[in-house]
Amino acid sequence: MQEMLTKNTTHTLTITGMTSEGLGVGRLGQMAVFVPHAAVGDTIEVLLTKVLKNYAYGKMIRVLTPSQTRILPDCEQFPLCGGCVYRHISYEEELRIKEELVKENFYKIGHIQIPFEPILPSPLLDGYRNKAQLPVGYTKQGALTCGFYQKRSHRIIPNTSCLLQPKAFGPIEREILLHMKEYSIPPYDEETRKGVVRHIYLRRGESTGEIMVCIVVTGKTLRKSDILVSRLHALDKNIASIVLNHNPKNTNVILGEECTTLWGKDSIEDVLCGVNIQISPLSFYQVNRQGAQKLYQKAAQYAALTGSETVLDLYCGAGTIGLSMAKSAKRIIGVEIIPQAVQNAQENARINQIQNAQFFCEDASGAASRLAKEGIRPDVVVLDPPRKGLTPQLIDAVVQMAPSRVVMVSCNSATAARDCAVFVQNGYAPKRACACDLFPRTAHVECVVLLEQEKENLHAR
């Protein structure tokens, strides 16, 4: 009989696996134990912090025998800030873990046997994030700071030199903090609901170098904003836009719905897959441009367009996937529920002189059902849903339109596997899949899947 494990006891544990959140997994008898900051192959001393019926959580006391994949972390804030989970292992091991996770989800959740291509690594491991959203607050010592929330807390870990961000962001963040300090501009306090500055929000167009500085405030103005504009402009000539975003609500949503441009342009520009993209404060845009290009190129390869196809792009955002395929398609129809994103997509089509793309502001499920009733039969449907995946109604509507191919891009392989299984039940065969790493050093991984119509679709008659 297995010895009962109890909280606050120490044990020797060998790590044999990794969870989707980046926790190391080992076993004490039949009990699974989850430990942060461990590596597969480690033998560690662990303190049990929580013991449940079938599993437990532990805190690593020390590494007894290190894994061959373990490396020295290169960030002094790791693992406090909670953003990165894999700075202590090699990138090759990180890719192996992410690829196996995606495969396992399709095999175990979707019960789908599908040929996987090798995972697409990110071209950049550091400096790849073209967007930073940093809460502003005080340290325990009362110093004004910005950074990232410690995992599962609202304690800000100071960090104006995050390795995942472009190096240009750090000086801008520090300049804004200095301005706040000099002119006694208080940060917003969630408990008292008082204060002015909630977040420092920065965006960068990698191909153009243009930077947008957006300061999220509770009111309509920022004290001595003209002086801050002059200081920022003198600091970095790549700053092309300085904006206030107004968010007076008691919410954990970062951005409000209104923006005021203090200086420069209302948006900045970038180039993605040969398409010029306008990026406003409220626009959705992939944070890893070079990684996104590889992902979209794989999606285009799976779509296999010849120039005669109608492509329905659901959850199209600012239209980046559909517009990247427009030259190879007869017609692009994009659907997105966020009005600002649809406006961005329409503007992106206009500035690129793409005339075979239309974008509609509508719920994806409703739009798919409406198009099916109107008899529009796309040859290819591209899906890029949120983490929660697709609704049964949307899948049914897509099936009714009977496209030859369905290309699904997903940031959550668990829900993608679940949804692909429903397509399989409706006559679609999974042909190929590929994981793609857009978020090195974090636990997130994207994937793209190709499904092809295998048998005659009775719904389409």
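**Reading rings, phi angles and a cis bond**

Modeller: Let's start with Tyr-55, which has a relative accessible area of 33% and is therefore partly exposed. Keep in mind that this is a predicted model.

Colleague: Happy to. How many aromatic pairs does the ring rule give?

Modeller: Rings pair if their centres lie within 6.5 Å, and the count here is six aromatic pairs. One of them joins Phe-34 and Tyr-55, edge-to-face, with 6.0 Å from centre to centre and 70° between the planes. This pair links distant parts of the chain, as Phe-34 is in strand E3 and Tyr-55 in strand E5, 21 residues apart.

Colleague: Is Phe-34 buried or exposed?

Modeller: Phe-34 counts as buried, at 18% relative accessibility, because buried means under 20%.

Colleague: Which cluster do ring pairs form with Phe-34 and Tyr-55?

Modeller: Ring pairs link Phe-34, Tyr-55 and Tyr-57 into a cluster. Tyr-57 is partly exposed, at 31%.

Colleague: Now backbone angles. Where is Gln-353 found?

Modeller: Gln-353 is found in the loop between helix H6 and strand E18. Its phi is positive, about 55°, although Gln-353 is not a glycine. Ala-402, also not a glycine, has a positive phi of about 55°, and its place is the loop between helix H8 and strand E20.

Colleague: Is Ala-402 buried or exposed?

Modeller: Ala-402 is buried, at 1% relative accessible area, whereas Gln-353 counts as exposed, at 67%.

Colleague: And which residues does a cis peptide bond join?

Modeller: Phe-78 and Pro-79, with omega about 5°. Pro-79 lies in the loop between strand E5 and helix H1.

Notes: Residues numbered from 1 in each chain as written. Predicted model: local features only at pLDDT ≥ 70, side-chain atom pairs only at ≥ 80, totals over all residues. Heavy atoms only, no water. Helix = DSSP H or I, 4+ residues; strand = E, 2+ residues; numbered from the N terminus. Buried < 20%, exposed > 50% of the residue type's maximum accessible area, 1.4 Å probe, protein only. Phe/Tyr/Trp six-rings, centres within 6.5 Å; stacked < 30°, edge-to-face > 60°.
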